[in-house]
Amino acid sequence: MTAAQTRPQLLMIGPLSPSLTERIAEQYDIHRYWELADADAWLGEHAGRIDGIATSGVFGAKAELIEALPNLKAIISFGVGYDAIDVDAANKRGVTVTNTPGVLDNCVADTAVSILLALGRRICEADRFVRAGEWQKNRFPLSGSIGGKVCGIVGMGNIGRAIAQRVEAFGMTVAYHNRRRRDDVDYTYHETLEGLLQACDYAVVVVPGGSSTDKLIGAEQLKALGSKGYLVNIARGSVVDEPALVEALQKGTIAGAALDVFADEPNVPAALLALDNVVLTPHIGSGTHETRQAMADLFFANLDGVFKHGKAVTPV
């Protein structure tokens, strides 16, 4: 930082909430990357001034940008997922990367269980049935019970455990697949993903995004889930092979799907929109006032931690 530059300079990749942006601007200078008419020209003139990147799990930070900022010290991200941030590029430069884990676990778990219930009990279909005036003409078809079914959790992290606790309250049996067995849970462990999918009625995907989980759920895995099985995805759209999922839903390879995330958000394939056996929500996993405030507080704590105290609160 030069003598004339009294406040840390942040390059904000995409718009964050107005309240958080206002809070940041009280103590930091913000440069809005997404508004730059010629980003390359601007970087050519100002790259050396940038101390930090402010971003989110959606906007991320690419290697090219990280490498273009010679004095970059930290990438502060709003959200638990960091697959859109090139962490390897940041590590090579000694750049701290932070996210906001923990504070959104319960709300994401609430969303997962909400759309699971809506899918299994056909709540959205029933709502459309009433609104269309069909109730006066016909009886709505029956759905299946939730209690007694097996909920298979793909990724038994903190959110996975929160989901497990919730579905148990509905009388479901929990099983899971993880990179390794957990010693602190008593649920049935399946060493293979396909083994879990074959054994469960509902498969809830809770793994992080990134290259290691890209299209983790494909045609073969959907076949393993079977014609009476349901898929629930609140992880990342990249984790599921979306064309394979559409085909599986159309052909009855699986019974249905509840999706809060998609491969090309906010674009949802028309083929998915046309199906009745799906529940579709616009990536609202952590979307409550309370959780977003907690995420904003942790984001700001990381920001101040790096630039005022020399240590991030939740580094990746």
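# Cysteines, sheet and packing in a predicted model

The sulfur of cysteine 124 is 18 Å from the closest cysteine sulfur, that of cysteine 151, which is too far for a bond. This is a predicted model, in which local features need pLDDT of at least 70 and side-chain atom pairs count only at pLDDT 80 or more, while totals for chains, interfaces and linings use all residues. Residues are numbered from 1 along each chain as its sequence is written, and side-chain values use heavy atoms, with hydrogens and water left out.

**Cysteines**

- The disulfide count is 0, where a disulfide is a pair of cysteine sulfur atoms within 2.5 Å.
- For cysteine 200, the closest cysteine sulfur is again in cysteine 151, at 7.5 Å, too far for a bond.
- Cysteine 124 is partly exposed, with a relative accessible area of 29%; buried means under 20% relative accessible area, exposed over 50%, and partly exposed in between (1.4 Å probe, protein chains only).
- Cysteine 200 counts as buried, at 5% relative accessibility.

**Annotated domain**

- UniProt, in an unreviewed entry, places the feature "domain: D-isomer specific 2-hydroxyacid dehydrogenase NAD-binding" at residues 114-285; UniProt positions are given in the numbering used here, feature names are shortened, and annotations may be inferred rather than shown by experiment.
- Residues 114-285 are 32% helix and 16% strand, and their end C-alpha atoms lie 10 Å apart; helices (H or I, at least four residues) and strands (E, at least two) are DSSP runs, numbered from the N terminus.

- An open sheet of 7 strands has the order 8-7-6-9-10-11-12 and parallel pairing; two strands pair if DSSP finds at least two bridges between them.
- Strand 8 (188-189) and strand 12 (278-280) are at the edges with a single partner strand each, so one side of each has no neighbour in the sheet.
- Strand 6 (residues 150-154) and strand 9 (residues 202-205) run parallel and are joined by 4 bridges.
- Within this pair, valine 154 stands opposite valine 205 of strand 9.

**Helices on the sheet**

- Helix 5 (residues 105-120) lies across strand 6, strand 9, strand 10 (230-233), strand 11 (256-259) and strand 12, at about 150 degrees to strand 10; axes are lines fitted to C-alpha atoms, for helices over the stretch in contact, and angles run from 0 to 180 degrees between N-to-C directions.
- Helix 10 (residues 242-251) also packs on the sheet, touching strand 10, strand 11 and strand 12, and its direction makes about 140 degrees with that of strand 11; contact means heavy atoms within 4.5 Å.
- Glu242, Ala244, Leu245, Val246, Ala248 and Leu249 are the buried residues of helix 10.
- These buried residues pack against helix 9 (219-225), strand 10, strand 11, helix 11 (270-273) and strand 12.
- Glycine 252 follows helix 10 and has a positive phi, near 80 degrees.

**Asparagine 233**

- Asparagine 233 lies in strand 10 and counts as buried, at 1% relative accessibility.
- A polar atom of the asparagine 233 side chain lies 3.2 Å from the backbone oxygen of arginine 236.
- Not counting residues up to four places away in sequence, asparagine 233 touches Val205, Val240, Ala258, Leu259, Asp260 and Val261.

**Alanine 89**

- Alanine 89 lies in helix 4 (residues 87-93) and counts as buried, at 8% relative accessibility.
- Its contacts, not counting residues up to four places away in sequence, are Ala63, Ile66 and Glu67.
- Alanine 89 and glutamate 290 are 201 residues apart in sequence and 33 Å apart in space, C-alpha to C-alpha.

Note on methods:
Polar contact = N/O pair within 3.5 Å; in protein donor to acceptor, adjacent residues only side chain to side chain.
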